[in-house]
Amino acid sequence: EHLLSIVNDILDIGKIEAGKLSLHPEPVDLKTVFEEVKAVLANQVEAKHLTLIDEMAGEELPSVVGDRVRVKQILINLMSNAVKFTPDKGAVGLDIYPAPGNMLAVTVWDTGMGIPPEKQEQIFESFHQIHEGVLRRVQEGTGLGLTVARHLAILMGGTITLDSRPGHGSRFTVTLPLADEKPKN
């Protein structure tokens, strides 16, 4: 699965850079997508004894417009990084709230090591991993997940931003357009 993920990331970057990645925009229910993401990461979260905080529990959420598979891919990339870089018994979470311009903001946060300000833009570059040599063990990955996530968000009319301080974790916020759920006449 890990090798397939690497191959898919490389193929996605190639398609994005060539302008050949096709998207299928539709209303996307973030609650359902997040439940799927939690299921994918459940073993990793449990193995590290992390607390997963989901501020959406029991709330109705508006849909966003995007390619459902690619929205899920963005959330998996962000959540898996949060899990990977958060020490045992830490916490990761997801907050969703309205953003200006008829957008919805999805923030994936963690209580991990944080990212120094001078390295924050570099993490979105292809094949770049700023934590090389910082951690006791080498982290799996190609350094493409955030690059792919940022490109996908932009292609769907959104953005990804980062707020992080060393020792205080990171907050990656994706904005995506809200779906117009009013019936069309």
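This is a predicted model: local features need pLDDT of at least 70, side-chain atom pairs count only at pLDDT 80 or more; totals for chains, interfaces and linings use all residues.
Colleague: Is A179 buried or exposed?

Modeller: The assignment rests on a cut-off: a residue counts as buried when its relative accessible area is under 20%. A179 has a relative accessible area of 13%, so it is buried.

Colleague: Which residues is A179 in contact with, its neighbours within four places in sequence left aside?

Modeller: These partners are P27, S63, V64 and V65. One of them, P27, is 152 residues away from A179 in sequence, yet their C-alpha atoms are 5.7 Å apart. For the protein chain as a whole, consider contacts between residues at least 6 apart in sequence: 72% of them join residues at least 24 apart.

Colleague: How many helices and strands does the protein chain have?

Modeller: There are 4 helices and 7 strands. Along the sequence they follow the pattern α-β-α-β-β-α-β-β-α-β-β. Of the 185 residues in the protein chain, 44% are buried.

Colleague: What is the order of the strands in the open sheet?

Modeller: As a general idea, strands of a sheet pair through backbone hydrogen bonds, either parallel or antiparallel. Here 5 strands form an open sheet in the order β2-β4-β5-β7-β6, and the pairing is mixed. β2 (51–54) and β6 (159–164) stand at the edges with a single partner strand each, so one side of each has no neighbour in the sheet. From one strand to the next, the twist averages 15°.

Colleague: Which strands does α3 touch when it packs on the sheet?

Modeller: Helix α3 touches β2, β4 (91–99), β5, β6 and β7, and its direction makes about 25° with that of β5. The helix covers residues 68–84, 17 residues in number, and reaches 24 Å from its first C-alpha to its last, close to the 24 Å expected.

Colleague: Which residues of α3 are buried?

Modeller: The general rule is that an α-helix has 3.6 residues a turn, so residues three or four places apart point the same way. In α3 the buried residues are R70, V71, Q73, I74, L75, N77, L78, M79, N81, A82 and V83.

Colleague: Why is β5 described as largely enclosed?

Modeller: In a regular strand the side chains alternate between the two faces of the sheet. From β5, M103, A105, T107 and W109 point one way, while L104, V106, V108 and D110 point the other way, and all are buried. With 8 of its 8 residues buried, β5 is therefore largely enclosed by the rest of the structure.

Colleague: How many bridges join β5 to β7, and how many pair β4 with β5?

Modeller: β5 (residues 103–110) and β7 (residues 170–177) run antiparallel and are joined by 7 bridges. In this pairing L104 stands opposite L176, and A105 has T175 as its bridge partner. β4 and β5 are also antiparallel, with 8 bridges; there V92 stands opposite D110. The hairpin of β4 and β5 has 3 residues between the strands, and G101 takes a positive phi near 80°.

Colleague: Which residues form the covered face of β6?

Modeller: I160, L162 and S164 form the covered face, whereas T159, T161 and D163 form the uncovered one. Helix α4 (residues 145–155) lies across β6 and β7, at about 130° to β6. β6 and β7 run antiparallel with 6 bridges between them, and T159 has T175 as its bridge partner. In their hairpin, with 5 residues between the strands, G167 takes a positive phi near 85°.

Colleague: Which residues have the most contacts inside the largest nonpolar core?

Modeller: In soluble globular proteins, nonpolar side chains tend to be buried together. The largest nonpolar core here has 39 residues, and L30, I74, L75 and F172 have the most contacts inside it. At least two residues of this core come from each of α2 (30–47), α3, β4, β5, α4, β6 and β7. The largest share, 7 residues, is supplied by α3.

How values were computed: Residues are numbered from 1 along each chain as its sequence is written. Side-chain values use heavy atoms; hydrogens and water are left out. The expected span of a helix is 1.5 Å times one less than its number of residues. Buried means under 20% relative accessible area, exposed over 50%, partly exposed in between (1.4 Å probe, protein chains only). Two strands pair if DSSP finds at least two bridges between them. Axes are lines fitted to C-alpha atoms, for helices over the stretch in contact, and angles run from 0 to 180 degrees between N-to-C directions. Contact means heavy atoms within 4.5 Å. A nonpolar core is a set of buried Ala, Val, Leu, Ile, Met, Phe, Trp, Tyr and Cys residues joined through side-chain atoms within 4.5 Å.
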